[in-house]
Amino acid sequence: MNGTPVKNDLDEPGGSPLLPKFVGLIHSEVKREYFPTETQYITEKDAVHEAEVIATYLEKMGIKVKLYPGRPEVTQQLIKDRPDMVFNLVGSINGQEYLTATIPGMMEAIDIPYTGAGMLGESLGYNKYLVKRLLQSNGVPTPHCQLLPSPSTPLSTDMRFPLITKLNEIHGAVEITRDAVSPDEKHLRERVKHLIHTYQQPVIAEEFVAGREYTAIVLEGLNTKVYLAEKVFPEINNPMQFATFDAQWVTDAESYHYEKVSDPILSELVKKAFNIGKMADYAKFDIRVDQAGRYYFVDSNSNPAFGPKELEVAMSSILDMYDVSFTEILKRLMANTMREWYKTQEEMGQAQNGNS
C-alpha cells in the first residue's frame, strides 16, 4: 500500500481504524452508443460528475483522490499509482451491467482494497431471478415469479395477475413504468416481446404485491446496521402505487418521499438477505408490504447509487433522516474496507508462516 493510512476515531468503542491517505474512485465510462435506449443511458450519464462530487468530500477530509474510468485497461494505471484503496462506483462496462463483476476481480488480482461486494456478490446481483430463488430458499419472502427467456415461454399455471415485468440483468428501475404491470396475458406477451427485443435478455414476470413499499439500506462497520424508510406516494391510500423510473430519474415527475420506519423483524430479514447475496460494505433492498403486513423482497442491489444527499440517491437521503452524514458514510466504508484488508493480510501471513 502507498504510505501509512491515517488513524481516525470512529464509532467503534476502543478502536482507531485506519483511514487511507490516497483513494481511487473507479466510475463508469459512459457513452450514449453503449446503451440500447435513452432510458438506460439516463441512469449512467452523470457517472463522472457524481464521482467528482464524492471526490470533493474526500478531499475535505484531507485525502488525496484520483478518478479512474472503469475499464479493464485501468489496472495498469492503478498498479502504477497504488492508491491505498478504491471506491467501486462502476455501474456498467460498455453499457453492460453484468460486466461490472470484473471490477472486484481486477482489484483482487492486483491486491488493492475496494468497497462493495466481491466478484461473486456482484455477479449474483446482476441475475435478479437467481437472487430471488436464493432468498426464497433461505426463508426470505419474495413474490411468486417466473423467468421468461422468450416471449413465447409458457406461463406457469400458478402465476396470478396482475404481474409486473422486470429486466433480469439491469438495475436503476429501467423500464419500470405504469405499463410494467400487466392485467392479463395478452398485455404481458406484448410487454415481454418489447423488452426482450430491445434489451436482449430474459425478463422476470412477478406477481404484483399491492400495499406499501419500503427501502432498506445496509451499512457495514464493526456492526451491520439497517436503515429502513417507507416510500410515501402522492396517493397515500392507493395500494397499487410503486416507484417508477420517472419517479426516480425525471426531475419534474410526480414522485414520493421517504419516512423513517422501525421494524426489528424486517431489519433481521434484510441482514439475512445481505449475507445470502454475498454483499459487502453497503447494499439496498426494496420490499413490498401487503395489506396483511407480510413482507416481499422485490429488488436487491449490491452496488446501488452512491453519493451525498445533493445527488438525490436513496442511500444518503435515508441515512440523513437517521442523522448519518455522507462524511460519516465515507468514514465507515473506508474504515471497514481497510480493516478487512489488514485482517486478510494478517491471516495470509499467518497461513504462510504456518506452512513454512
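**Getting to know the fold**

Colleague: Which residues have the most contacts inside the largest nonpolar core?

Modeller: Keep in mind that this is a predicted model. Its largest nonpolar core has 39 residues. Those with the most contacts inside it are Leu25, Leu58, Phe87, Phe306, Ile329, Leu330 and Met334.

Colleague: And where does the largest share of this core come from?

Modeller: Several elements each supply at least two residues of it, among them strand S3 (22-27), helix H2 (47-60) and helix H11 (326-355). The largest share is seven residues, and it comes from H11.

Colleague: How many residues are in the second, separate core?

Modeller: That core includes Leu124, Val226, Ile276 and Phe297. Its count of residues is 23.

Colleague: Zooming out, how many helices and strands are in the protein chain, and why is it as compact as a globular protein of that length?

Modeller: The protein chain holds eleven helices and 14 strands. For 356 residues the globule rule gives 21 Å, and the chain is as compact as a globular protein of that length because its radius of gyration is close to that, at 21 Å.

Colleague: What percentage of the 356 residues is buried?

Modeller: Buried here means under 20% relative accessible area. Going by that, the buried residues in the protein chain make up 53%.

Terms used
Residues are numbered from 1 along each chain as its sequence is written. This is a predicted model: local features need pLDDT of at least 70, side-chain atom pairs count only at pLDDT 80 or more; totals for chains, interfaces and linings use all residues. Side-chain values use heavy atoms; hydrogens and water are left out. Helices (H or I, at least four residues) and strands (E, at least two) are DSSP runs, numbered from the N terminus. The radius of gyration is taken over C-alpha atoms; the globule rule is 2.2 Å times the number of residues to the power 0.38. Buried means under 20% relative accessible area, exposed over 50%, partly exposed in between (1.4 Å probe, protein chains only). A nonpolar core is a set of buried Ala, Val, Leu, Ile, Met, Phe, Trp, Tyr and Cys residues joined through side-chain atoms within 4.5 Å.
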